[in-house]
Amino acid sequence: MRIRAERDDLADVLARAARAVGTRSPQQILQGLLCDVRGNRLEVTGTDSDVTIRTTLEVEVLEAGRTVVPAKLAAEAVRKLPVGAVTLSAEEGEVEITGNGPRFRLREFVVNDFPDIPDTIEAPLVEVDGEAFVAALAQVGVAASGDDARPTLTGILFEAHDDGLRLVATDSYRLALRDLPGIAAGETSLVPYRALREIGRTIADAKLGVQLDDRQAAFSSARGRMTARVIEATFPNYRQLLPDEYPNRLSVSKAALLDAVGRAALVAEEHIPVRLSLSESGVELSVTRQEVGEETEHIEAAYSGEEMTIAFNTRYLTDGVGAVAGDEVVLETIDPLKPGMLSGGSDGFQYLLMPVRL
Amino acid sequence: MFGMEDRAPSDGTAASILHADLDAFYVSVERLKRPDLVGKPVAVGGGVIVSASYEARAYGVNAPMGIRQARELCPRLIVVGGSFEDYIELSDRVFEICRTYTPFIEQISIDEAFLDVAGAGHLFGPAPTIAASIRADVQAETGLPISIGIARTKFLAKVASQAAKPDGLLVVDPAHELEFLHPLPVRAIWGVGVKTAELLKEMGIDTVAELAAAKPGWLESRLGPAAGAHLHDLAWNRDRRHVERHRGAGSVGAQRAFGGDVKDRAKHRAILMAIADRVGSRLRKKQRAGRTITARVRFNDLQSVTRSTTLRAPVASTEALYRVADHLVETALAEASEGRGLSLLGISVSKLVHSPHLQLELPLLDRRTVRADVEDVWRSGSAAALARDRLDEAIDELRSKFGKSAVAAASALGSGRSLVPDQFGDLAIPVAERRTE
C-alpha cells in the first residue's frame, strides 16, 4: 500500500477515525487504524469494538492495499510533518510516513487481526440537519451518566414522540429531554452518549443520515460514518417522572443566572448547593461554606407563585441553564424537595433537576 | 485525599512505625471525670471487667474476668460503669491529634493505632521526636496517658509499646532489634494467646529466642503451617505488613455480641436495628455518609463471615443501614449450613463522604422488579426516605437534648441484656476487622 496526500487532509482523516480508538483497549490491534486503499480513495477505520468511526479521503494512489498503523502515533506523526505532501506506505511489517525530509518508520500491526466490523444496517435512513442534531445531542447529553456501573444511564434514548423524534437522558439526579418535531424516529434505541458525543468532532456535516435498529445505531455524512452498538437495556419509564404542573414559575435572564451561579460555584464545593430564594422581586442566590465564606446576590426576575427556597447542586444547575437555548430561562418548581424544571420556552428542551435537601 | 496512596511510605529500613496505645483507656477516661479514682484499684465493666487499672492489675484483676472473681482477688476494687459516648469522643480526639502528624494512620481499636511517620520527618523531625510530641499533645489536650512504641515493623512497634507502658515511649533501634526481642517471653508476641503459649511451653519454648531457634518445619507441624511460619517470622522480626490507613479513618462501625446462640430471625433483626441506630447516629453526628455497608456475622462455633455491598449513593439513615445489613445477613445465613445460631452481629460503613447536604434522586426504579424494595432503601428523595431522614433528625435532636437513652426503636428495646454491656461490644470492635469488601 502506498499513497500520497496533503498533510492536513491526511492528518484530519487519521485523527477523526482515531477518536474511536480507546486508550485502554486490552487488544493491541484495537490501538490501530485500518487504512484501506481502493480506487482513488483511502478509507480509515478506528474502533474500540463498540464504537466505530470510518473516514474517507480522495488520495493519490501509488499502490492499493491495506495496512494497520498505530493510531495515535501515526496521526500525530503526520500532523507534525512539515506542510505539504505526505507519503504513507506499508511494506513487510513496516509503515513509513515521510514528507519534505522527516521519515517515520513504525511497526505495522497485523492487518488480518483487525476485526471485521459489520456496519450495514437494514433500517431506513433518516436525514437530519447535522448542526442542529449535534446541538440537540449536546443539550441532552449533559444529563447522561458517566458511571459505567449503571450502563442504562450512560445512553441517550431515541424514541418517537408525536410525529417527531425525542431524545432523553438521565443520570438519576437530572433528566434532559429534547423534542425534534418532523424527524421520523426509527426504532426506539438507547445509544451510548460516549459515542454520540464524538459525532460533532468526527463526522458531522450539514447533512447527517441516522439509522437505528435493535443492535446498532449508524450516523453517516459526506465526511464519514460512525456506528455504535446500542445499549441493550430498558430505559427507565421517564414519563412518570415529569410532573403534570408546577405552581411556581420564575423567568430570568439566562446570562445573568449563569454568571451568578458561576460566582456561587467559586465558594461552593462539589457537595455544597446554591440556594435560590424565589420571591416577587426575583431570585436571591446564596452559598455558604463553613470555614471558607459565602456569596450572595440578587437577580431581578419575574416570579409567580409562593415564596420559597430551593437548593441545587451548582454543577447540575449550570449544566441545565447552559443547555437552555434562548435568552430567558424558565424555572418551574413545586416545593423544595420535588424536582424543578428548567426550560427555554419553545425549543422543546426540558431539564428536570432534583434539588438538594437542606 | 483523592489520588493519594493508601500505602504508607515506610520502606522497612528505618524505625518509623509507631504503635500508639492509650493506657488502661476506659479507666483513664473515668479518672478524668472522677479524679478521686486516681491511684486506686479501679475496673470498668458491667457483669465482667472490660478494663482494669494498673493498681487493680497488681492484684491479678484482668479483663475479661467476672466481677465476683475480681472482688475476691481485690476486695477494695472500685467498679464503675461505662461512659460510652465519652470513650468514643476521646478516642476520636486522640487519633485526630495523631492525624495532624501523619495521614498514614491505621486505627486497630478504640484505643490503639499504628502510624507511619516515614514521610513526616521534614515537617516534624525524626520518629522519636514525633512520638514525644504526640504524647505531650494528647496529655495536654485530653489528659490521657498514651504509650508509644517505635520500630521498623508494625509487629515490633506493638511489642515496644507494651514494654513502654505505662505512660512511656520506647524506640527499638534497628541495629539492636533482636537483642530487645529475643529475651522476651513468647506471650509478648502479638497473636500468641494463652493457648498458644501453653502449647509452646509444652514444646519447651518460653522465650522469643527459643522460638527463633526452633526449626520452622517442626513449628509448622505442631502449630499448623500458617501459624508456625508466621510466629517464626515474627521471632526474627520479619513482618512486611504496611500501615494501611483506609481502615480506621474511613469507617464507622458497631457490633454486638450476645451470649449463647440465637436462631430467631426476629431477634437478629431487633439487634441489627439497635446496631444500625448506633452506627447511623454516629455517622450523622460526624456529618458522614457511606457507600459500602459491611455486615459481620459470628456463628455459635465462632466462625465469622462478613458480607458487604457498595451502594450507588452514600447513606447514613438508620433504616437504610438496617435494611441493607439485614439483606446481607440474610445472604450470609443462606450460604451457611442450616440452623446455625449466631453469637455476634455487626455493621460497618465505609467509603465515607462528607455529606451535610443530600442530593435527592429521581425515582427511576421500576417498581415491578424484585429488587425494587431493596433498591429503594437508598434512593434519597422518595417520600419514604425523606420521612426516614426526618425521623433520624428528630431522634438525634431528642438525644442531644435528653441523652442517649431518651429514644430507641421499639424493636430494639426488647433485644435483651447480655453479660457484657452492649455498648462495650461496639467499643471492642477491632477496626482492622471492619474491612471493606
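Me: In strand E6(B), what is the bridge partner of Glu106(B)?
Reply: The model is a predicted one. Strands E5 (residues 105–109) and E6 of chain B run antiparallel and are joined by four bridges. In E6(B), Glu106(B) has as its bridge partner Phe114(B).

Me: Through how many residues does a hairpin join E5(B) to E6(B)?
Reply: E5(B) and E6(B) are antiparallel strands. The hairpin that connects E5(B) to E6(B) passes through two residues.

Me: Which residue of E6(B) does Ile17(B) stand opposite?
Reply: Strand E1 of chain B, residues 17–22, is joined to E6(B) by five bridges, and these strands run antiparallel. Within E6(B), the residue opposite Ile17(B) is Asp116(B).

Me: How many of the five residues of strand E6 of chain B are buried?
Reply: In a regular strand, side chains alternate between the two faces of the sheet. One side of E6(B) holds Glu112(B), Phe114(B) and Asp116(B), and the other holds Ala113(B) and Leu115(B); both faces are covered. For strand E6 (residues 112–116) of chain B, the number of buried residues is therefore five of five.

Me: What percentage of the residues of chain B count as buried?
Reply: Chain B contains 19 helices and 13 strands. It exposes about 19,800 Å², of which carbon and sulfur atoms supply 55%. Of its 437 residues, the share that counts as buried is 50%.

Me: In chain B, what percentage of the contacts with a separation of 6 or more is accounted for by residues 24 or more positions apart?
Reply: The contacts considered here are those in chain B with a separation of 6 or more. Among these, residues 24 or more positions apart account for 67%.

Me: How many residues apart in sequence are the parts that Glu60(A) and Arg4(A) tie together?
Reply: The side chains of Glu60(A) and Arg4(A) form a salt bridge, with 3.0 Å from N to O. Glu60(A) belongs to strand E5 (residues 60–63) of chain A and Arg4(A) to strand E1 (residues 2–6) of chain A, so the pair ties together parts whose separation in sequence is 56 residues.

Me: Is Glu60(A) buried or partly exposed?
Reply: Buried residues have a relative accessible area under 20%, and exposed ones over 50%. The value for Glu60(A) is 39%, so this residue is partly exposed.

Me: In which strand of chain A does Glu94(A) lie?
Reply: A salt bridge of 2.9 Å, N to O, brings together the side chains of Arg105(A) and Glu94(A). The pair links distant parts of the chain, eleven residues apart: Arg105(A) is in strand E9 (residues 103–107) of chain A, while Glu94(A) is in strand E8 (residues 94–98).

Me: Why are Arg99(B) and Glu96(B) separated by about one helical turn?
Reply: Arg99(B) and Glu96(B) meet through their side chains in a salt bridge of 2.9 Å, N to O. Arg99(B) is partly exposed at 26% relative accessible area, and Glu96(B) is partly exposed at 45%. Both residues lie in helix H4 (residues 84–99) of chain B, and the separation is about one helical turn because their distance along the helix is three residues.

Me: How many salt bridges does a search of the whole structure find over all chains?
Reply: The salt bridges include the pair Arg99(B) and Glu96(B). Over all chains, the search of the whole structure finds 41.

Terms used: Residues numbered from 1 in each chain as written. Chains lettered and ligands numbered in written order. Predicted model: local features only at pLDDT ≥ 70, side-chain atom pairs only at ≥ 80, totals over all residues. Heavy atoms only, no water. Buried < 20%, exposed > 50% of the residue type's maximum accessible area, 1.4 Å probe, protein only. Pairing = 2+ DSSP bridges. Contact = heavy atoms within 4.5 Å. Areas by Shrake-Rupley, 256 points an atom, 1.4 Å probe, with all protein chains shown as cover. Salt bridge = Lys/Arg side-chain N within 4 Å of Asp/Glu carboxyl O.
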